[in-house]
Amino acid sequence: MSGPDSLTPPAGPAVSEPAAYDEMVSGKKSIRPHWREITATLWGMPAEIVREKQARAAAHLAAADQFLPENGDANQPIWSMDLLPLILPEAEWRNLSEGVVQRARLLNLVLADIYGPQKLIHEKLLPPYLVFNNPGFLRALRFVTSRNAPPLHFYAGDLVRTPAGSWRVLADRTQAPGGIGYALRHRAVIARSFPEAFRNTAVHRLQPTIDVWQSSLQSIGAAFDESPGIVLLTPGPHSRFYPEHVLLSAELGINLAQGSDLTVREGMVYLKTLNGLARVHVIYRRVDGEYCDPLELRADSALGVAGLIAAARSGNVVILNLPGSAVIETPAFAPFLPAIARRLLDEELKLPAVTTWWCGQDMPLREALSTPDKFVFQPSFSSDAPLIDPATMSADDKTEFLTRLTATPSEFVAVERVHHSRTPVFGDKGLEPRPVVLRTCAISVGDTWRTLPGGVARIADRGGDQRPVFRQGGLVKDVWILKEDTAGEASAGGGLVELRKLHRVADAVGSRAADNLYWFGRYMERIDSGLRQFRAVTARLTRGTPGPRDVMELQRLARLLEATEWLDEAQALAPVDSSAFVTGITKALGPRGVVEEYRTSLRQLGIALRDRLSQDMWRVVSGFSRALQPGETDFDQALGNLDTAVLNMATLSGLVAENMTRGMGWRFLEIGRRIERAMAICSYIEGLFGDRPERIELSVRISLELCDSIITHRRRFPMDSYTLPALDVIMTDGPNPRSLLYQLEALRNELDGLISHDPLAKERELIDRHLAALRAPAPFAEAQASDRLTELTDGARACRVDLGLLSDALSRNYFTHVNAPQTIVTVFSGRNESRAAS
Amino acid sequence: MKRYSISHETTYHYATTVELGLHEARLSPVNAPHQKLLEHEIEVTPIPAWTVAFIDHFGNNMQHIAIEHSHDALTVIQRSVVEIDVPRGTLNAGPAWETLREAMLEDDYPDVAEFIYPSPHVILDDAAMEFALQAFTPGAPVAEAALKLARLFKSEFTYAPGATTIATTVPEILEGRRGVCQDFAHAMIAGLRALKIPVRYVSGYLKTYAPHRDGEQTPALVGADATHAWVSVWCGPELGWMDFDPTNALAVTDEHIAVAYGRDFSDVTPLRGVIVGGGTHTPDVKVTVTRLDG
């Protein structure tokens, strides 16, 4: 091994924690066999290459996470990723996997019992307190069962390895756990940044599990319909897990839906699409159970669907997992599961939890109170709450905690201290052993379960054996299960050649998506128009002391910026050579300026449309840099930046034109763009000619400049010096994609393609009238300035107003603006009052 | 054995049109050991697109009502006929309350254990427990003590409609010593749960005028022909659930018609809904209870 010193393996397990198991190094201080290939590959590479790979992996992961919500810094990924995977040999995985499956089977039966006959409580195998006082027990779901699917469909378990080398469950995750999407993404990242690692190593692929999962969902739905409607119910773009929801819905070939995209009619669940209501039979739920239905569960929830539980109870929809599945996450169930396993499965638990005692029982309580430092404590009902560790508490805090424990012992569990196993992580000084927690996932398939051969390994801080909380992110690793029999499969490249089945789904465009796409199109063009106007101003400001002609042009541009609402009146009316004017422009282009405001809006629409924009489009939308940095007033710099920004918008237009499928969604985006661009042209005409300016050629020239039509003009009218008829280029020149005629024709085309355009009949007529006027032969050719000017500006104004009417009509007819429902409760006749909650 | 016919009419006049209204009704009287539901129907105006009936976690009758077209008003009329027996058993038959308390702490009666824990409207409150202990004297049989406690509410609290709202908490009720039947029920439940005695909230009706017998007329009781609320106490395995009315200081016999049982009011809301549109609105509730026989 020729690698530099900094990457030599650590000398056995860290000395300070002699008890912990080391994943990579055995007790005899040799590298365990299943780690040998990858360490050989690593040590065969120069340290700086490894470091670069590590950095690249981090960058890929960050890029994939960029579309996270606005809270905090959106560019700050919640995860960072270590290049080195956690590796397990197949034989060990097989055992572990059996344990995970048994646990999922068992918890499924417990869940079915709690929401069914409750015999575990009657038979005293489960203390009533742990169910009836459990915030995860949702009474509205009692007796809600499905013939087609088990109540627990997706199980995730957080596992740790004890010093003795055996795995234990740290926490069961059954609410709506994440994991598979992240595992897929980590595999993709590592395959990209560290392909060498797969060269001599056959790693179990993840894709087959996704395929099995997809067919499992399909067969659950098949009991209703041969092509069932299946959705992933997400809380929406502001959820931390939204990226995973987008990824999984695409992988599973199912629609991504928020609560407001669904409606319940006559007890059936439907997705609202532009084609009308589409029946939904199966819901893969990623919204917490209690938020699923404001009628029967939390009334203040805006994430759910009113009537959903009634639909499920009537057997018209299957919700996976059953809302209320969080009840079996309860840490205090752990001590009771071995006996329950014997009763329900007639089996011993293969994969028990880390030893846990419920303090609601006398013996454990006495033990916990007499030697509290032997344990860590957790709330009985929350597996996410930070651990309570008496050993590290101040004397006062400890007394206070023990007082609470004595007063309300049922609210706590005591958990044995376990040294989590260590796995190597790239640190500042080479490899460092760090505690690891493994998230595993299992999916129900018919009557059996299937585990994902892989998962997400989470790394705790150097400090100790904390439990990393999934939603808080942190340092993660890919998990590799090595194939035992690699004959004919070696270097199949675990993640490299993931041939996948093509999942084609009918593109059901939701009304909300159509609304967002329409406004995305409008904002694109609005920003483009603003950038071009500001660029025209900035270009003239960089020419040194403006001459009389510059001043005149700047005045016209300033007034146009006001008319198009980019500058306010005071800024626009300031003399163009005054510092007030310069300040106005600087402000508009700077941080928190109007340009940035619009870009933020576009970005937010982009977030809402994240599942419909390609990575490239997203990169353009999220990658804008502002024209002026804080405190900057260098217009030369700004001009360069505005050029770049205009190019960025052009890139976006290009991607929209070339890379988006011509579906209903694209059509709405296109309609938005055409309406906005046509409105911009009308505004130029109104703003630059409305007051019958002197030296009309200056206005003509600016109009052509803003419409990017200078070249077209030169070619069409080589000898012209910007006389009024030259405006034909941007008004009636059909082939010019910047002309008004072009916009209206394109718009008219797309309107005809709408599924039902009848509701827009009146508005279409208005557009047709403007089209006819523009198509009339050479309307401006023989323009006698003053006569034609009036006609020109009046026509532009009328066209802009009519486009506004069209926009309103579109909105009315196609975008369901969901009124926030309110909850009403008849209180009690003695009170005669009602309560409304939003 | 007595038979009653009940009509319970709730009307909402909405300030603005409602496009979509989904409602959940717990209006049909529950079937219970001493009470048989002989007939029942629900009439909704406008005609719903979909209704479905089922039994909830507590054994109550529940209807889901979906109205899927524009409407400006909603009327739900519940009509039913019930037959009620006088509960058997004498008040001093059950165990001493401390014995039951011990058994509950040992989870000896898991079927009724749900009703010793706090619930949304009933937190376990020291003042409520202190108040309950005035009746739950050492060695007192559960049922006897419960009746005594119900009487304490009547004598020490003022029936005062309008003094409280649904948001008034148990400690506030005990502090103010006034309220309506719902408040007294919640306060009594809080005290009993603090003592680990299983206790349920009951929503229902009370027929106040007993038949004219021997020319004598029983005096009108509060809550006449309106929805009423009281409590149901589990008095040990022999007596089972027995109902007590703290508002009227009595052990329930055959003039209380139970509609639904729950941990507290939030489990038995007669009608709740999610509507789109509607603006502000107040319900108009009319209850008529008629004695059918004798």
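In chain A of this predicted model, A:Arg532, A:Gln533 and A:Ala536 of α13(A) meet A:Ile702, A:Glu705 and A:Leu706 of α21(A). Contact requires C-beta atoms, placed from the backbone, within 7 Å. Helices are DSSP runs (H or I, at least four residues), as are strands (E, at least two), numbered from the N terminus. By class, this helix contact has three nonpolar, one polar and two charged residues. Nonpolar covers Ala, Val, Leu, Ile, Met, Phe, Trp, Tyr, Cys and Pro; charged covers Asp, Glu, Lys and Arg; the others, Gly among them, are polar.

The axes of α13 (residues 511-541) and α21 (residues 696-706) of chain A come within 9 Å and cross at roughly 130°.

The largest nonpolar core has 225 residues. Such a core joins buried Ala, Val, Leu, Ile, Met, Phe, Trp, Tyr and Cys residues through C-beta atoms within 7 Å. Buried means 20 or more other C-beta atoms within 10 Å of the residue's own, all placed from the backbone. B:Met188, B:Val231 and B:Val233 have the most contacts inside this core. A second, separate core of 84 residues includes A:Phe534 and A:Val576.

The contact between chains takes 36 residues from chain A and 40 residues from chain B. On the chain A side, β20(A) gives the largest share, five residues.

Residues are numbered from 1 along each chain as its sequence is written, and chains are lettered from A and ligands numbered from 1 in the order written. Local features need pLDDT of at least 70, side-chain atom pairs count only at pLDDT 80 or more, and totals for chains, interfaces and linings use all residues.

Methods
Contact = placed C-beta atoms within 7 Å. Axes fitted to C-alpha atoms, helices over the stretch in contact; angles between N-to-C directions. Buried ≥ 20, exposed ≤ 12 C-beta atoms within 10 Å, placed from the backbone.
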